[in-house]
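Notebook open, structure on the screen. I'm jotting down what I look up as I go.

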Amino acid sequence: MTLEPVTADDRAVIATQLGREPRALRAIAARCPSGHPAVVQTNPRLEDGTPFPTLYYLTCPRLAAAISTLETTGVMKDMTERLSSDPDLAEAYQRAHESYLAERDALDPLGTQVTAGGMPGRVKCLHALVAHSLATTPGHNPFGDEALALLTSWPTGDCAAVD
Ligand SMILES: [Zn+2]
């Protein structure tokens with residue numbers, strides 16, 4: 001994983017992507033092929049101290065839209081069901097949860113085991129899981145990896161053609 005400092009240009013692009021000023025920005029964790037931020041690492045607390053457990057936040061609207069479309073296919077229900085029948089998968093997902101928590105706790109312990117995306121027991125948000133996969137390397141989050149592999153419009157589709 002390579003965390004890059006957030007430049008003024010990045011901050012402006014992220015504000016456009018989100019349609020609001022970004023909060024608790026810490027670093028750029030991944031970029032789209034076109035070069036704009038795709039995933040940011042955020043501080044475990046917002047500027048006013050409110051806990052913000054989502055350590056990796058997906059910012060690219062085109063990638064987010066592609067994932068939303070994937071979510072409508074019911075793939076998350078299948079993924080969750082496989083956790084109870086595939087111990088290796090469940091173990092890998094548990095490790096993803098633990099590494100996410102360890103990274104966040106190293107920055108600022110929130111005193112909660114809640115991570116993101118439904119980890120470790122369920123699959124509730126593929127945006128969060130894909131963000132984790134993109135922020136790390138393949139093998140860190142099995143369902144984030146799977147979801148990325150299922151996306152047909154990224155990274156070679158619309159997103160790559162724009163900045
Ligand atoms: Zn993008």
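**Entry 1: a helix and its partners**

I started with helix α6, whose buried residues pack against α2 (61–71), α3 (75–85), α4 (87–107) and α5. Contact here means heavy atoms within 4.5 Å. Which residues of α6 are buried? In this helix (residues 142–150) they are Pro142, Phe143, Gly144, Ala147 and Leu148. For the record, buried means under 20% relative accessible area, exposed means over 50%, and partly exposed is in between, with a 1.4 Å probe and protein chains only. A reminder to myself: an α-helix has 3.6 residues a turn, so residues three or four places apart point the same way.

**Entry 2: what I'm looking at**

This is a predicted model, in which local features need pLDDT of at least 70 and side-chain atom pairs count only at pLDDT 80 or more, while totals for chains, interfaces and linings use all residues. Residues are numbered from 1 along each chain as its sequence is written, and side-chain values use heavy atoms, with hydrogens and water left out.

**Entry 3: the whole chain**

I looked up the elements next: the protein chain has seven helices and three strands. Their order from the N terminus is α-β-β-β-α-α-α-α-α-α. Helices (H or I, at least four residues) and strands (E, at least two) are DSSP runs, numbered from the N terminus.

Then I checked the overall dimensions. The C-alpha trace spans about 45 × 40 × 25 Å along its principal axes. The radius of gyration is 15 Å, which agrees with the value near 15 Å for a compact globule of 163 residues. That radius is taken over C-alpha atoms, and the globule rule is 2.2 Å times the number of residues to the power 0.38.

How much of the chain is buried? I noted 44% of the 163 residues. Of the contacts with a separation of 6 or more, 52% are between residues 24 or more positions apart. The accessible surface comes to about 8000 Å², and 53% of that belongs to carbon and sulfur atoms. These areas come from the Shrake-Rupley method with a 1.4 Å probe; for residues, only the protein chains shown count as cover.

I looked at charges too: the mean positions of the 13 positive and 20 negative charges are 5 Å apart. Lys and Arg count as positive and Asp and Glu as negative, with His and the chain ends not counted. Each charge is placed at NZ of Lys, CZ of Arg, CG of Asp or CD of Glu.

His127 sits in helix α5 (residues 126–135). It counts as buried because its relative accessibility is 16%. What does the His127 side chain find? One of its polar atoms lies 2.9 Å from the backbone oxygen of Ala64. A polar contact is a pair of N or O atoms within 3.5 Å; within protein, one must be able to donate a hydrogen and the other to accept it, and residues adjacent in sequence count only if both atoms are side-chain atoms. Not counting residues up to four places away in sequence, His127 touches Leu58, Ala64, Ile67, Ser68 and Glu71.

With residues up to four places away left out, Leu58 touches Ala38, Val39, Leu63, Ala64, Ile67, His127, Val130 and Ala131.

**Entry 4: the loop between β2 and β3**

I picked two residues here. Pro51 lies in the loop between β2 (37–42) and β3 (56–58). At 45% relative accessible area, Pro51 is partly exposed. Beyond its neighbours within four places in sequence, Pro51 is in contact with Pro44, Arg45 and Leu110. I also took a distance: Pro51 and Ser85 are 34 residues apart in sequence and 34 Å apart in space, C-alpha to C-alpha.

Thr54 is found in the loop between β2 and β3. Its relative accessible area is 22%, so Thr54 is partly exposed. Leaving aside neighbours within four places, Thr54 is in contact with Thr42 and Tyr100.

Where is the cis peptide bond I noted? It joins Met119 and Pro120, with omega about 0 degrees. Pro120 has its place in the loop between α4 and α5.

Ala24 is not a glycine, yet has a positive phi of about 60 degrees. I found Ala24 in the loop between α1 (8–18) and β1 (25–31). With 1% relative accessibility, Ala24 counts as buried.
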